[in-house]
Amino acid sequence: MATQDQAAIFQARVKSINNPRNTYYHDPETGMKVPKRVGRDQILANGKTPPATTTGMIMSMIVGAMCLIVARYFQITFLDIQPSVPHALAYELGMAAAMAFTLGGFIRQKTFKHMVCHLAGAAFAAVTMHNAVWIAPDQFAMVFSQGFVNEILAATDPMSLNIAGNSITI
């Protein structure tokens, strides 16, 4: 008789679990609502990083460029390393890459393509940021310093690319 009662309880639990309307079933032993089983493909799909799209790549480049601007600000303000220091660009790019990779991890830009776009955006900002200084020197003097602005204006030409200290006019 006891085995028939246990079998009936077991069958009732199986019926409750298999009911398509229930997303949870009540476990009488623990008194908890237990979620139904989910397929392996659904579990794996939730943890994957989405594929790199064109919009995502452009956003990655913008993130890289913004990280370079922040790295340049920290370098000049807190570390007191001016752009004329021989390895200043390497410091900036290293700091920007570390920030972009960390920030990219938070905003789900983790693929190799995203990381390459982070670096490309940072590199593009590194060779073209001086043009923004030429356009708005007073605003840059308020954020960075007047010495930084004077050094950039003396070392570069407007509407050019600054590669390794050489200004290439476009």
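Modeller: Happy to; we can start with the overall layout and then go through some individual residues. Keep in mind that this is a predicted model.

Biologist: What about contacts between residues 24 or more positions apart?

Modeller: Those make up 52% of the contacts in the protein chain that have a separation of 6 or more.

Biologist: Let's talk helix packing. How do helix 5 and helix 7 cross?

Modeller: Their axes come within 10 Å and cross at roughly 110 degrees. That angle falls in the 65 to 115 range, so helix 5 is roughly perpendicular to helix 7. On the helix 5 side, the contact is made by His 130, Val 133 and Trp 134. Helix 7 brings Phe 148, Val 149, Ile 152 and Leu 153 to that contact.

Biologist: While we're on helix 5, is Asn 131 buried or exposed?

Modeller: Asn 131 sits in helix 5, which covers residues 112-135. Asn 131 counts as buried because its relative accessibility is 12%, and the cut-off for buried is under 20%.

Biologist: What is Asn 131 in contact with, leaving aside its neighbours within four places in sequence?

Modeller: Asn 131 is in contact with Asp 157, Pro 158, Met 159 and Ser 160.

Biologist: Where does Met 159 lie?

Modeller: Met 159 is in the loop between helix 7 (146-155) and strand 3 (160-163). Met 159 has a positive phi of about 50 degrees although it is not a glycine.

Biologist: Why does Met 159 count as exposed?

Modeller: Met 159 counts as exposed because its relative accessibility is 55%, and exposed means over 50%.

Biologist: Changing topic: how many salt bridges does the count come to?

Modeller: The count comes to one salt bridge. Glu 92 forms a salt bridge with Arg 72, and their closest N and O atoms are 2.8 Å apart. This pair links distant parts of the chain, with Glu 92 in helix 4 (residues 88-106) and Arg 72 in helix 3, 20 residues apart.

Biologist: Are Glu 92 and Arg 72 buried or exposed?

Modeller: Glu 92 is buried, and Arg 72 is buried too.

Biologist: Back to helix 3, then. Which residues make the nonpolar surface patch?

Modeller: Ile 58, Met 59, Ile 62, Met 66 and Ile 69 make a nonpolar surface patch of about 440 Å². One of these, Met 66, has its place in helix 3, residues 54-77. Met 66 counts as partly exposed because its relative accessibility is 48%.

Biologist: Last one: where does Ser 16 lie?

Modeller: Ser 16 is in helix 1, which covers residues 2-18. With a relative accessible area of 25%, Ser 16 is partly exposed.

Biologist: And what separates the C-alpha atoms of Ser 16 and Asp 27?

Modeller: Those C-alpha atoms are separated by 9.8 Å, with Ser 16 and Asp 27 eleven residues apart along the chain.

Biologist: Great, thanks for the tour!

Terms used. Residues numbered from 1 in each chain as written. Predicted model: local features only at pLDDT ≥ 70, side-chain atom pairs only at ≥ 80, totals over all residues. Heavy atoms only, no water. Helix = DSSP H or I, 4+ residues; strand = E, 2+ residues; numbered from the N terminus. Buried < 20%, exposed > 50% of the residue type's maximum accessible area, 1.4 Å probe, protein only. Contact = heavy atoms within 4.5 Å. Patch = residues over 30% accessible without salt bridge, like charges linked within 9 Å, V, L, I, M, F, W, Y side chains within 5 Å. Areas by Shrake-Rupley, 256 points an atom, 1.4 Å probe, with all protein chains shown as cover. Salt bridge = Lys/Arg side-chain N within 4 Å of Asp/Glu carboxyl O. Axes fitted to C-alpha atoms, helices over the stretch in contact; angles between N-to-C directions. Parallel < 35°, antiparallel > 145°, perpendicular 65-115°, else oblique.
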